[in-house]
Amino acid sequence: MSSITAPLRTPVLSVVPIRALVDETFKVLVENLSPGRPVTVRSLHHSEDRDDWEAYGHYISDHRGTVSVSDDSSFGGSYSGKEPMGLLWSMRPVPGSRPGLRLRKRDITSPLLVNISVYSGHEGFRDQEPLASVVTERWYMAPGVKRVEVKEQGIRGTLFIPPGPGPFAGLLDLWGGGGGLLEYRAALLASHGYVCLALEYLRTSEMKSGKNEQLYFEAAFNIIKFHPQVMPDRVGLFGLSMGSLISMYLAAESAAVKPRCCVCISCNHSYLPGKHITDGYSGLLNENYNKVRTDENNYTIWRDMGLEIVRKVENNIDVGKISCPILLVNGQDDQNWPSVESAEDIAAKLRAAGKEHLLTRLTYPNAGHLIEPPFSPHFRATNFKNIITNEKVVMLWGGQTKPHSDAQEDSWRKILSFLQLHMYSSSSPRAKL
């Protein structure tokens, strides 16, 4: 009697939508497998820095021969359990990569390309040819968003303008002490309906010239305020870390900057009064640098230094002068700065000024310092050029991958709701790709 061999099944892999904004979810589906077949679903991204990043989950197909990453549980890998977006937020450098890497998109006019593949079994998948693969595009900049380089009045930045005639609300986007011109968050905010200026401020010729720093930030704010497509009374400030320090300083002390609202992530409100903002911040770090320590991995930890600074009331901005709504977003495992303690002091000062009603606080257990847009990988420790010593160190930012990623997703949704509430009086359509 001759045996009959079942025809070999060719797996079918789909990703929907295949092209989307980075803060949108997707569905990954593997079909036409044999029932009960173990497979590994893997994402792979080759970065602009020429490093490879991956995430993967181990699955077993159901009775129909299907694996749905959105609905099924991963039995292990870089994430486990039911995690529809685990293939993105759990990404990490492939084994053997350089230490201290951080994934950041520099050219936001092109997508972040992610190759999604399915492999047979749960072991040795990196040495196999995939059973099926799909390349998906993740965009920071929605179709129709305009990117305009800004070089007027000594300002260095990039302006992003949503599609359509407007008028729009505007935002000044300020990153932290790492310096450089980072555009990806501003592009994403423009994709949600805000004219947004990503501003470089640490190493520009205008800032190095010794001119009044406050005038630099006020000029940048006015570029947005007086743009013909912007409602001049609806311009806000958005800052992370040192960017939040500048946001609160301007909101409290500048007669020219009257923000509609402020979003401050991993907040910092300490500097040496009487000095320029960035010099005053650097001066405080210098004075207290003996409190910096390293852990068993030789990672640099600034938290204890920050605690010493925040405890001295004279170092802190008088935030009681602020008259606009403020959203503070912080992680309880922030190892770079005592942002939760800073938020407590900010809340106390606003309470004393009778302005506590202006404050909204989001605090996330086991989240670190670098709270990025949703589905971004978690960076617990990365390479960093020390702004005090100019040496390259590996900075410990803190956070645990799963809760930190949950914090990024939840906080972004609430940030957009906060901005919508305070910047627009009626709802506007969310950008889709």
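Analyst: Two strands pair if DSSP finds at least two bridges between them. Strands (E, at least two residues) and helices (H or I, at least four) are DSSP runs, numbered from the N terminus. This is a predicted model, in which local features need pLDDT of at least 70 and side-chain atom pairs count only at pLDDT 80 or more, while totals for chains, interfaces and linings use all residues. Residues are numbered from 1 along each chain as its sequence is written, and side-chain values use heavy atoms, with hydrogens and water left out.

User: What makes E12 and E13 a pair?

Analyst: DSSP must find at least two bridges, and 6 bridges join E12 (residues 168–174) to E13. These strands therefore pair by the definition. They run parallel, and Leu174 stands opposite Leu199 in E13.

User: How many bridges join E11 to E13, and in which direction do the strands run?

Analyst: 5 bridges join E11 (residues 156–161) to E13, and the strands run antiparallel. Leu159 stands opposite Leu197 in E13.

User: Why is E13 called mostly covered?

Analyst: Buried means under 20% relative accessible area (exposed is over 50%, partly exposed in between; 1.4 Å probe, protein chains only). In E13 (residues 194–200), 7 of 7 residues are buried. Tyr194, Cys196, Ala198 and Glu200 are buried on one side, and Val195, Leu197 and Leu199 on the other.

User: What makes the β-α-β unit of E12, H2 and E13 right-handed?

Analyst: A crossover is right-handed if, with the strands pointing away from the viewer, the path from the first strand over the helix to the second runs clockwise. The unit made by E12, helix H2 (residues 184–191) and E13 is right-handed.

User: Is Ser241 buried or exposed?

Analyst: Ser241 has 9% relative accessibility, so it counts as buried. Ser241 is found in the loop between strand E14 (230–240) and helix H5 (242–253).

User: What is listed about the phi of Ser241?

Analyst: Most residues other than glycine have a negative phi. Ser241 has a positive phi of about 60° although it is not a glycine. Ser266, also not a glycine, has a positive phi of about 50°. Ser266 lies in the loop between strand E15 (262–265) and helix H6 (277–287). Its relative accessible area is 0%, so Ser266 is buried.

User: Which omega goes with the cis peptide bond from Gly166 to Pro167?

Analyst: Most peptide bonds are trans. From Gly166 to Pro167 the bond is cis, with omega near 0°, and Pro167 is in the loop between E11 and E12. The bond from Val16 to Pro17 is cis too, with omega near -5°.
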